[in-house]
Amino acid sequence: MKKTPALEFHDLTVAYDIKPVLWDVDLSIPEGQLVAIVGPNGAGKSTLLKAALNLAPLSSGFVRVYGAPYPEMRKRVAYVPQRESVDWDFPASVLDVVLMGRYGKRGWFQRTNAADRTRALDCLGKVGMLEFADRQISRLSGGQQQRTFLARALAQDADLYLMDEPFAGVDVVTERAILTLLRELRDTGKTVVCVHHDLQTVGEYFDWVVLLNMRLVAAGPIAEVFNTDKLQATYGGHLSILERAATRLLKDRRGRARDAR
Amino acid sequence: MSPDTVILLTGSCAAVACALVGTFLVLRGMALIGDAISHAVLPGIVIAFLLTDSVSSLPVVLGAGALGLVTVWLIESLVRTRRVKEDASIAVVFPALFAVGVLLVTRFAHGKDLDAECVLYGEIAFAPFDTMTLWGMVISRPLVALASVAALNLVFVVALYKELKIATFDGALAATLGMSPVLVHYLLMGTVSVTTVASFESVGAILVVAFLIVPGSAAWLWTDKLHWMLTIAAAIGVTSAFLGFHLAVYWDASIAGCMALAMGGCFVLSWIFAPREGLFGRWNLRRVTRERFAEALLLERLARAPGNATEVAAEFCWTAEQVARHWATVTSQKWITATGNAWQTNEAGRAQIQKIVGD
Amino acid sequence: MVAAMDFTLFNVVLGSALLGLVAGALGSFAFLNRQSLLGDALAHAALPGVCLAFLLGIALDIPPKQPLLLLGGALLTAWIGTLAILAITRTTRLKQDAALGIVLSVFFGAGIVLLTAIQHNVGAQQSGLDSFLFGQAASLLPSDVWVIGILGGIVLTVLGYFFQTFRIVVFDPACAATLGLPVRRYEILLTTLIVVAVVVGLQTVGVVLMAAMLVTPAAAARQWTDRLGHMVMLAGALGAVAGATGAWASSLEARLPTGPLIVLAATALMLFSLLMSPRRGLFWAAMRRAANRRRIAVENLLKDLWRLGERDGRFASPRAVSDVMAVRAASMSALGQAQSSGLVRRNGTLVQLSERGLQHAARIVRNHRIWELYLSRRLDLADDHLHRDAEDMEHALDDDVIEQIDEALGRPGTDPHGRPIPRGVPGSTVEAAL
């Protein structure tokens, strides 16, 4: 029996005004993968995530999450927005923000309880932020802000994690820590989909890649689709970046082959 | 001149003076700074009134106008402390200054002909009777004041047209071209302040906001060209002044209030009927766009593999009526060619996809 | 105090304080949502509603100044105003600021038209309607205070109930939507609460000054705390204090309008908070900057003394004050400061590094030179750019960082200009004290 894909887009077209942002995207992302969405600026990467979350206006097509429309599967999906999308000067502590991840489990007239608090602290521990639980969010570094968002997503206990540039503007230590965490999630059968901007690390970090430039250029396991031809088709003429990425990719492959031996 | 003519001319001059500078406020996203200035000049006007017993002499206009610049500077300084964001800075600064003004009016201008209500909506009906002698002619003083300001604003906009245009649309470019966006900014703010003070006794501190913001906003819905925006805004201002005057006579109500209301009416009409930005225009554009998208999707499908209407209908989640409609369009436009029962997108069809997707 | 207050005044003060409490608490959310001027627009948009309700009262032959009737009318048009703002920003290219300005001024124009038409046509009965323009706290009746109290109580109860939800809806609406919260409905609820607070406030402070009642206490409270709960409570408390103070002060003399005094009291609280709050206060920030400047001046003085010592190898020998001052127009106050912290000793026109001063100077010079070396080796900066940069950094770098850089550079002996990097105090060169 074929497993239900974690996330499917059928003939998806999204237009904010007159120009389409995403055009006729047909894509199905399998469960249990660590997936990168890659493409040039304005390629519709963030919009693809937003379309999955019902946050973007669909001109045609539809989205399925674990085989059902998103509203039915809402509790199984967690979203990590771009760091800049919120006002970090907002008067809230790190724990306050992580607790927000638990609101989805509560109805209109319920409040978060001690169990939610324990779970939130637990998630903060996983991202190495336990000691900052009471810290005001405006006094966090970029990396710590990203970890806070990640902890909030973990607190949602979801199966599918959609993340908008989780590695943008974070320090090297945080980048490693986030990567480890994402791999742990994948290893427990969760699906993680990240918008990613650094071509050089795609091959090393992810299992699966979606190459997007308004239309879907290619999607599949890294080894099958992440090559210079496809990148060229995605990015057009910016060869220098591509070549560096490709060399890096080759090195990684050779390295992995060596490790395997 | 008959009193009615004087009132109409005064109202029109106020409308033109405000529309010319207000258009830039709207374009620069500073509509509420205009609101703040118009309130915050009040203490300046009151102090000047108490000192000179008049509200439209030149020293008053300049002195109170300077307070407008101080307001802008105060708001910007508060934002620069990074303790308060811009919207909150505006909301903290102008009520405080306005409160000082109201306090001064109530406390010291008691019994003189400046009262708290005239602060809010002015009294343009008095314009014909407040006269001065100019070159041997007896003429309405508010009319002279507002006509001068309107002329001044026209000269300002024409003389600095290029600078205002570039500083509004691309401050960084203006700076690299050797213009000073900051100077242009403060000149504009100074002009807004002077205009507000000059309009004060005729339309009051709050209704002047309508004169500043509404015509420019309405004009932006009709055109993208700056010179047309300015022209349309001024035209809307003058039309509203005429309409408002007649409404006021009919209802026996505040003339300036009716003029503001007429501007609101002009805005609503623009909002509904403007060709591209209006509600009808947008609704129509969205409908047409949706059709073109659907047709292009159909062409895209037939470019990948040949097929016929029945197959396509099964693949797309479209109603039979939708499929028939789009199919009719692509065949009548000769965007697809048939080989037997298998239709395929031809060169013209591919060009059409390119035109719609346009990457 | 209260005993001396007559009943009417007590009434007015209580009503104003209640209004301040409700407006301050709700204003916190408008403040954080960057919608500070929404309250302003809504207050203006309420004016035509008040007038229409008055006309309705006359038409139905009920007392037209019934507070609930007027509030109902105000709520109605304020609501229409809110919808108009939303519709304009959604369906046109105009931004929030223009939408607010249009609704504010056109609705106010409509209000003025109705108000003057009522004044001219209905006549005597109108007295009191124009109190909505500037507010007339002095005319608050006990029944008005009851209305404020009950509506305010309802508003605050709802706010308390949905506090956690409002927090996430305001902080991160996209995330709130993905959590399955009906974001649009909560936003509407929050705006409705603000409309109620605005309408309640019209009678007391009036249309124009209502914006300040919402925002100023919130901006003040934000300076004192980083917790939303504390901020909301504090904003309410500050609003209540401003309301009570303004109302009381306006009773002291004739012709002191209540609304402006309340707003000025709130502004004073805001200014005090902006300057004096412990962590965010501008006064303390300025003090810290000044202290930092003084420290840098002292450190530069020590460094100059050290450099003079490098010329002849006698680091601790007394130098003429005028020579030291000549190096970089140093101020006498820096000298006094260094002297009182025991870093230098001074005797008449001679000045000399103390034991502690020597250690300190050696450390600063070492930091400066190691940093220069690091810049030149690692960043390939031209030599003439090094000094200025090191000049700024030497005061900011902590010893741990310098230690790490020093180790990474292999504990070098000289800086890029060939000058020695001091390691420890040159003990042999210490000379007898003056």
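Domain bounds here come from an automatic or database domain assignment. On that basis, chain C is divided into domain 1 (7-280) and domain 2 (286-429). This is a predicted model, in which local features need pLDDT of at least 70 and side-chain atom pairs count only at pLDDT 80 or more, while totals for chains, interfaces and linings use all residues. Residues are numbered from 1 along each chain as its sequence is written, chains are lettered from A and ligands numbered from 1 in the order in which they are written, and side-chain values use heavy atoms, with hydrogens and water left out.

Start with chain C. The C-alpha centres of its domain 1 and domain 2 lie 58 Å apart. Its secondary structure comes to 17 helices and three strands. Helices (H or I, at least four residues) and strands (E, at least two) are DSSP runs, numbered from the N terminus. The radius of gyration of chain C is 33 Å, well over the 22 Å that the globule rule gives for 434 residues, so chain C is more spread out than a compact globule. That radius is taken over C-alpha atoms, and the rule is 2.2 Å times the number of residues to the power 0.38. Along its principal axes, the C-alpha trace of chain C spans about 105 × 55 × 35 Å.

Of the 434 residues in chain C, 55% are buried. Buried means under 20% relative accessible area, exposed over 50%, and partly exposed in between (1.4 Å probe, protein chains only). Now take contacts, meaning heavy atoms within 4.5 Å. Among those in chain C between residues at least 6 apart in sequence, 71% join residues at least 24 apart. Chain C carries 36 positive and 32 negative side chains, and the centres of the two sets lie 1 Å apart. Lys and Arg count as positive, Asp and Glu as negative; His and the chain ends are not counted. Each charge is placed at NZ of Lys, CZ of Arg, CG of Asp or CD of Glu.

Chain B also has a domain assignment: domain 1 (3-209) and domain 2 (280-357). Their centres, taken over C-alpha atoms, are separated by 57 Å. Ile356(B) lies in helix 16 (residues 347-357) of chain B. At 13% relative accessibility, Ile356(B) is buried.

Gly39(A) sits in the loop between strand 3 (34-38) and helix 1 (45-52). This glycine is buried, at 4% relative accessibility. Leaving aside neighbours within four places in sequence, Gly39(A) is in contact with Lys45(A), Leu212(A), Thr234(A) and Tyr235(A).

Two backbone angles in chain A deserve a look. Most residues other than glycine have a negative phi. Asn54(A) is not a glycine, yet its phi is positive, about 65°. Asn54(A) is placed in the loop between helix 1 and strand 4 (58-65). Tyr66(A), also not a glycine, has a positive phi of about 45°. Tyr66(A) lies in the loop between strand 4 and helix 2 (70-73). At 10% relative accessibility, Tyr66(A) counts as buried.
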